[in-house]
Every structure is written in C-alpha cells, then in structure tokens.
Amino acid sequence: MMKRWMSGLLALVLLAGLCAGCGDKRPIDTPTEEAPYGIYYDVTGIHPRETVLEVDGNQIPAELYFYWLTYTCGNLENSLNMYHTYYGLYGELFGEDGSLSWDADFEEGKTLAQKALEDAENSVKFYAAIENLAARRDVSLTEEDQAALDGSIASAKEQLGEEGFADYLELMGITQENFRRISAAGFLFDRLRELVLVEGDELYRELGGSIYVDHILLSTVNNETGEALPEEEIAAKRAAAEDLLAQLQAAEDREALFTQLAAEHGEDPGRETETGYLMDENTNFVQKFKDAALSLEVGQLSGIVETNYGFHILLRKDLTEAQRLSLAGDQLTLILEEQMAEAEVVRSEKLDSIEAGSFYAGYNEAAEALMAAKTPADEGAGDAGGDADGTGDAGEPDADGGEAGGSN
C-alpha cells in the first residue's frame, strides 16, 4: 500500500508541453484571504488555504486535499481505461461515448466516485501520518535531503523556465509551499524507515520473517514443452547436482563459488536478471523449495532438493541493504496504517458537497481552458517551412519530461 500511495509523488511529473512565458500570469505564492485564486478554487469555490481536514490536529488545506482527489481520479481513469482497452474489463463502468460513469457501482457497494473519495482521503491521511510521526519523533529532513529537494526544484525550473514551472504548479493547483510539503513527505518516510532498523528504537520491528535465498537449478523438464526429460538425462542431471554440491561444501568462499556455478550451470531462466529470491512463509513457491529455504541459516547450503522443475541447491544469503530498507518500509507502512486507524479526523462540512466525478470533470475543463489560454494562437497550426516528413521542429520539448521530486 505504501508504494501505491507514495507513487503520488510521481504524479508531480513536469508538464513539458506547457508554454513558458505566455499568457497572463498570476503569482505562485500564497493566495490571500482577500483574493483567493487557483484551479481548485475556480472549481469548488473553497479557499485554497482553508483547512478542510485535520488528522490528529495536522491541518490539511483545500488545495492539498483536492490535489490528491485529482490525482486519485486520474489514476483510476487511466487504470480502468487500460484494463478496458486491452483486456475488455470494466465495460459496465463506461458510457456509450467511452467516458467513465462515476456513479456506477464499483466495489464493495461503493460507486466509482465514492471509491475515488475514499482513496484520496486515505492518501491525505497517510501523508499526514508521516508528518505526525516525524514531528513526534523529532525527525526532519537532513541537509542532504534538503539539497536533493532543492535540486529537484532547480532542475524543474531549468527545464521549464521560471514561468513554465509556475504554469506547472498552477495546473497542479498547488503553491510552491505545498509542492515542497508533498515532496518532503517522501524524505521523512525514508528517515523514519531507518529507525525501524535500529534495535531498541520504539519503531524497531522484525522484518517479517523474510529471507534471501539463491539457488542453482538443474532442470528435469523441457522448458518449451514442459514434459519430463528422458530418464537417462534426469540421472545425469542428478549426478551433476551432486558434483556441484560437493564443490560448494568444500569451498572456502562458498557464496562466491555459488554465484559462479549458478551462472555457469544454473538453468533457471529467471536468474538472468535475479540472483536470488526474497521470500517468507506466505510467498507463493513450490512447497518443497519453500520448506527447504525457510529451514536454512544465513550462509547455509541445502542438500539437493527435488521438485517438479528439477534439482535445486539452495544457499541462504544475508539480506542486502536495499532489501532491509524495503522490508523496513513495509513495517513502517503498517505502523502508519495503525496510526491512521486510530487518528482523530475532523472533516469540513464543505467536503460533503464534493462529488468526485463532477469535481474531476470540472477540473479537466478548467485545466483545458488554462492550457489553451497559455498556448500561442499559432502553436500547432503547422509550419509551412517544416520537414516534408511532418516530424516537426527539432526544438520540441522532450516528451518524457522529468520528475519534480519524491522518493521510494
């Protein structure tokens, strides 16, 4: 769940198609009480700095809440369109014109609009839980974190220009202050995750019984047909496995030799990109393989383990630092979810009138108008002196854009 919610940071992708330096500009700093503005204010009439949600006293302004609602609606729309287009699923959620029916039943008795609101509010609460826990533990961004965040913003401004970056924030509906707040949450998560690995700290957690196991497979089936090999070939594979096991048992540097022999003799096609498996008792593996793996200590070899796939030799390795951090992130997510469930949440009555489908449609309409107002009249009209193949000018912005911040 952490990966899904934290992926919201990746929604802050630079909109390279926005024009820098065209159209009327509104300031990108804090709106005033006397002159509220912003795309979400235009759609909802709610002041962007008005608190619409509190999570254990952590105040969430309207622009942050509506940013997450926009992101959630867009994420649902993109995912459902993909499943519908490529797999023919969720047809009941689409109208004859191909648009989503936000009032259609989706899951667990909820409409799609209700699901969007629920997911958005969970995202808001999750980020608030990160901030709350960091505040309680006196955890803040390091100098390196601040430098990385500043670098991300500087890179964005360099790519888009100062005014292009302002246009981007205006389309996202957030100020620079809240842009930094969203991005900073990812760094705070990283700092809290480190505490999960510190024995004696109140956040310390065991890493869920996960182990890291590598293996050498000598296959006894035809990888193309799935049929068993002839008996004489299977016997040869067993003999080869016994020879490899003997070499490993006598090795001084067992792990180095294991890696070498796995590369030379292993027949697991998945090991071309992986050097082992991170697993626990709930991992979906062949039972004999899983039982053998979970019985090993770090550095210990198995005997020859026979499964329907062939003969395996297993070696349990110590967890890598990246794996430890990933597992610590899972444990921290569970801690944060517990705090979310116990949090005192106060919602503004103004949110009661927000219907996700109507809000999202209003946002899209306002965003299109905003982008149209910032696009020169002659843009996209064609270039009489352009290339004959119609590929356009060499100076067009990179379609890949870039990322404005975040982690994980």
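## A walk through the predicted model

The side chains of Lys-374 and Glu-170 come together in a salt bridge, with 3.4 Å between N and O. Lys-374 sits in the segment after H12 while Glu-170 belongs to helix H6, so this pair ties together parts of the chain that are 204 residues apart in sequence. Please keep in mind as you look around that this is a predicted model.

Lys-374 has another partner as well. Lys-374 also forms a salt bridge with Asp-167, where the closest N and O atoms are 3.1 Å apart. Here too distant parts of the chain are linked: Lys-374 follows helix H12 (356-373), Asp-167 is in helix H6 (residues 162-172), and the two are 207 residues apart. Lys-374 has 4% relative accessibility, so it counts as buried. Asp-167 counts as buried because its relative accessibility is 1%, and Glu-170, at 13%, counts as buried too.

How much of H6 is buried? Of its 11 residues, 9 are buried, so the helix is largely enclosed by the rest of the structure. Among those buried residues are Gly-164, Phe-165, Ala-166, Tyr-168 and Leu-169. What do they pack against? The neighbours of the buried H6 residues are helix H2 (39-44), H3, H5, H7 and H12. Just after H6 comes Gly-173, which takes a positive phi of about 80 degrees.

Asp-145 and Arg-191 meet through their side chains, 2.6 Å from N to O. Asp-145 is in helix H5 (residues 143-160) and Arg-191 in helix H7 (residues 176-196), so the pair ties together parts that lie 46 residues apart in sequence. Both Asp-145 and Arg-191 are buried. Across the whole structure, a search finds 22 salt bridges. Elsewhere, Glu-107, Lys-115 and Asp-119 are linked in a salt-bridge network.

Now step back to take in the whole protein. It has 12 helices and 9 strands. There are 408 residues, and buried ones make up 44% of them. Looking at contacts between residues at least 6 apart in sequence, 70% join residues at least 24 apart. The protein exposes about 21600 Å², with carbon and sulfur atoms supplying 46% of that area.

Trp-68 is 56 residues from Val-124 in sequence, yet their C-alpha atoms are 6.9 Å apart in space.

Leu-53 turns up again in the surroundings of Asn-58. Asn-58 lies in strand S2 (residues 58-61), and with 13% relative accessibility it counts as buried. Beyond residues up to four places away in sequence, Asn-58 touches Leu-53, Ala-128, Glu-131, Asn-132 and Arg-181.

Finally, come out to the surface. Met-82, Tyr-83, Tyr-86, Tyr-87, Leu-89 and Tyr-90 make a nonpolar surface patch of about 660 Å². One of them, Tyr-86, has its place in helix H3 (residues 62-87). Is Tyr-86 buried or exposed? Exposed means over 50% relative accessible area, so Tyr-86, at 64% relative accessibility, counts as exposed.

Glu-255 is part of helix H9 (residues 254-265). Its relative accessible area is 41%, which means that Glu-255 is partly exposed.

Note on methods:
Residues are numbered from 1 along each chain as its sequence is written. Side-chain values use heavy atoms; hydrogens and water are left out. Helices (H or I, at least four residues) and strands (E, at least two) are DSSP runs, numbered from the N terminus. Buried means under 20% relative accessible area, exposed over 50%, partly exposed in between (1.4 Å probe, protein chains only). Contact means heavy atoms within 4.5 Å. A salt bridge is a side-chain nitrogen of Lys or Arg within 4 Å of a carboxyl oxygen of Asp or Glu. Patches are made of residues with over 30% relative accessible area and no salt bridge: like charges are joined within 9 Å, nonpolar side chains (Val, Leu, Ile, Met, Phe, Trp, Tyr) within 5 Å. Accessible areas come from the Shrake-Rupley method with a 1.4 Å probe; for residues, only the protein chains shown count as cover.
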